[in-house]
Amino acid sequence: MFYREAGDFKTSYAEDSQTFPIKFDRYRYYVVLLIAFAVVPFIINDYWVNAVFLPFLIYAIAAIGLNILTGYCGQVSLGTGGFMAVGAYACYKLMTSFPEVSILIHVILAGGITAAVGVVFGLPSLRIKGFYLAVATLAAQFFLVWIFNRVPWFYNYSASGQISAPERTVLGVSVTGAETAPWAAYMVCLVFLTLSAILARNLTRGMAGRKWMAIRDMDIAAEIIGVDPLKAKLSAFAVSSFFIGIAGALFFAVYLGAVEVGEAFGITKSFLVLFMVIIGGLGSIFGSFAGAAFLVLLPVLLKNLLVGGLGWPTDLAAHLEFVIVGALIIAFLVAEPHGLAQLWRVAKEKLRLWPFPH
Amino acid sequence: MKLKLVTLVLGAVMAGAPAMAELVFPSLSYRTGPFAAGGTPFADGYADYFTLLNERDGGIGGEMTRVPECETAYNTEKGVECYEATKGDGALIYQPLSTGITYQLIPKVTADGIPMHTMGYGRTSAANGKIFEWVFNYPGNYWDSASIMVKHALDMEGGDLSGKNIVLLYHNSAYGKEPIRTLEELSKKHGYGLTLIPVDSPGQEQKSQWLQIRREKPDYVFFWGWGVMNQVAIQEAGNIRFPMDHFIGVWWSGSEPDVLPAGDAADGYKSTNFTGTGTDYPIFDDIQKYVVDAGKAAGDGSSLGQVQYNRGMYAAMLAAEAALKAQEMYGVTEINAAQMRDGMEALDVTAARMAELGMPGFGPEVHVSCENHGGPGQGLIQQWNATDKKWVAITDYIESDRDVIDALIVEDSAAYAKENNIEERCK
């Protein structure tokens, strides 16, 4: 009944190859965008923005970035936390060195710097593969965190080693610093997420994405049919790091406002984003959203339910939260190894046939 | 996206908690994670004191108190979530017990107008009330502790530290880095050599650091650890047979769970402290009677008298006294956060008042003013007695080196004011 192509005629190639070829799906997408841009900003408050929306939006950008590298190009990376740190510190240095330039430009530049760093750490991928590459990127993670702790220039010689975001405005509305209105912070991250998702979607279904997928599926075969592994792998590292850098910059400047590299961008962050990608679905933009939503919202939801709703002791609830989230991850992956994105695909197929499956 | 909407609805239903006329003291605690050993007794002490006030006195000035707890696991992201979740509830004061979360919250509480008390932790230069209107860190801060540790070392060496070597073994975070500036300044003054050895969080692995200490044979090791890092360091110090009375921790590195695992090897280990230890104070009879025996204790009652428990209780006492002060100043019992702040700024806890509260000599006298949010800056040195399993205070309250520290505080807070365009108050 839903998601039917019947009667939805395409008269040009552009129409046929659009992201949401099914009319119902397309309208659903417009409705989601409409709600996200025109409804949520008016009803959002401090709690919702800081506990739910900002982490979700920012982790979704990071997950899109990692999904390009791991999901589309098949290069396993454990350096996400380190690359996010590069984005954050680049943004901090740019913000404090050039206060007159718009923060939006700084965030994009921070993404660019992270892309460059990502390419450098992507070089080993030309020689080593699979788990060995994961270990090489793990080195990037530790090295980057270490260097941001070690070299005082990165944190402007502050006594505590913390970096904190000064107030910056976009069109006269402050988006970083303590005076930021919830809707302003939300809108900045939402715009970046929307643009990132559109960009990533179009990259992955174009020539670049096909090359990445060819490398992922069988790198020797890809090379034989004319895909240059050097360009394909390094471009995947660059694009992936670009998004992760943007996520890191927003994470620091808009969401937390002050960070400490070891705590905010440690190895746990790398694993968290990797889990988002795996649970959401490798090689799927929607999967990045779903994975980020799952791992950001579920703990908050459980906490509200157990402590706020049932009045349990906080420590018991916190421990139980680990158990429940862990069990759900296992259950999900056993039921559907291809992640939430695949579940969504299956659900759509079922809905198309419903209520007459035969 | 759909998932998001579902949770939005669910959360909105659950967020609708009833608002009652009571004094709310949110507790951003951590009972899980690698720092739970310190966070749990502190949170218990904090909650138990308010329970005692409710049960025995009917609250503060006739208003009942409530302590909603929120688990942060010492994690800054969760700390922010907890802050946002509880601030709309009529929160009067925040005590996050984490330097990382404090840095996160300083701009937020300033914008929202809710006072924050970071007792002996947090941003040291918040002691300058001219710049930090909403942040307090009485009765002492990290730099006070560093100075007190140096003074104690001076005492042990007969007043001369020149040519001696001190190692600072610290948690590689904002918390652990705080004392470095002060120790560097003091090394210029007293002529000791300073070596910095960081330990990455959470600090379960310190073999290489202690190997370095064994190689360098410093005269003193100053220690800035927290949570599981404390236990490991004290055990490692025992393993290399470092003289324990030359191993001095900050006040966050000197409680029972830190030293007990090392057994006899921990005997003689020292740390600074600013509260009394043990249960030899009249108030504990009341806590036993009204809270523990009544089954209303936050924990199982076993941590009563422990260093962190007493400290949590002391933090609660200072908050309750400030609330009382605010009630007096404004003539209302139902105070708001801004009035609470004024109460904190006018706080004057004398020795007589502490005796009245059943805590004679429990902590230093605290006098806060508009300029001075840092209190007296005093602390004592305590030493662990492994045979009796007791902390013993071996000095009286020591005054920190105000000349050095006050100059540093002015310098650091001025830099903060410049970065954030803050004008000086208290003129």
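Guide: Let's begin with a term: contact means heavy atoms within 4.5 Å. As for ground rules, this is a predicted model, where local features need pLDDT of at least 70, side-chain atom pairs count only at pLDDT 80 or more, and totals for chains, interfaces and linings use all residues. Residues are numbered from 1 along each chain as its sequence is written, chains are lettered from A and ligands numbered from 1 in the order in which they are written, and side-chain values use heavy atoms, with hydrogens and water left out.

Visitor: Which residues does G281(A) touch, not counting residues up to four places away in sequence?

Guide: G281(A) sits in the loop between α12 (267-280) and α13 (285-309) of chain A; helices (H or I, at least four residues) and strands (E, at least two) are DSSP runs, numbered from the N terminus. G281(A) has 0% relative accessibility, so it counts as buried (under 20% relative accessible area; exposed is over 50%, partly exposed in between, with a 1.4 Å probe and protein chains only). With those neighbours in sequence set aside, G281(A) touches N67(A), M276(A), G287(A), H338(A), G339(A), L340(A) and A341(A).

Visitor: How far apart in space are G281(A) and G291(A), C-alpha to C-alpha?

Guide: Along the sequence, G281(A) and G291(A) are 10 residues apart. In space, C-alpha to C-alpha, that pair is separated by 7.4 Å.

Visitor: What radius of gyration does chain A have?

Guide: Chain A comes to 15 helices and four strands, and its C-alpha atoms fill a box of roughly 70 × 55 × 45 Å along the principal axes. The radius of gyration is taken over C-alpha atoms, and the globule rule is 2.2 Å times the number of residues to the power 0.38. For 358 residues a compact globule would be near 21 Å, and chain A agrees with that, at 21 Å.

Visitor: And what percentage of the residues of chain B count as buried?

Guide: Chain B has 15 helices and 16 strands. With 427 residues, a compact globule would have a radius of gyration near 22 Å, and chain B agrees, with 21 Å. Among its contacts between residues at least 6 apart in sequence, 71% join residues at least 24 apart. The buried share of the 427 residues is 61%.

Visitor: Which elements of chain B do the buried residues of α13(B) pack against?

Guide: Eight of the nine residues of α13(B) (residues 337-345) are buried, so this helix is largely enclosed by the rest of the structure. Charged names turn up in that buried set, including R341(B), D342(B) and E345(B). The packing partners of the buried residues are β5 (116-117), β6 (135-136) and α12 (307-330).

Visitor: Which side chain makes a polar contact with the side chain of S253(B)?

Guide: S253(B) is in the loop between β10 (247-249) and α10 (256-259) of chain B, and at 0% relative accessibility it counts as buried. Beyond four places in sequence, its contacts include Y175(B), F223(B), W224(B) and Y269(B). A polar contact is a pair of N or O atoms within 3.5 Å; within protein, one must be able to donate a hydrogen and the other to accept it, and residues adjacent in sequence count only if both atoms are side-chain atoms. At 3.4 Å, the partner side chain is that of N230(B).

Visitor: How much area do chain B and chain A bury between them?

Guide: The contact involves 40 residues of chain B and 42 residues of chain A. Buried area is the accessible area (1.4 Å probe) that two parts lose on being put together, summed over both. Carbon and sulfur atoms carry 62% of it, and the total is about 3,700 Å².

Visitor: Which residue of chain B meets D46(A) in a salt bridge?

Guide: A salt bridge is a side-chain nitrogen of Lys or Arg within 4 Å of a carboxyl oxygen of Asp or Glu. Chain B and chain A have three of these between them. In one, with 2.5 Å from N to O, the partner of D46(A) is K87(B).

Visitor: Which element gives the most to the side of chain B that touches chain A?

Guide: Elements that each supply at least two residues there include α1 (2-15), α3 (76-87), α4 (99-112) and α15 (402-420). With nine residues, the top contributor is α1(B).

Visitor: Which residues does A111(B) touch, leaving out those up to four places away in sequence?

Guide: A111(B) lies in helix α4 of chain B and is partly exposed, with a relative accessible area of 30%. Its partners are in chain A: A178(A) and E179(A).
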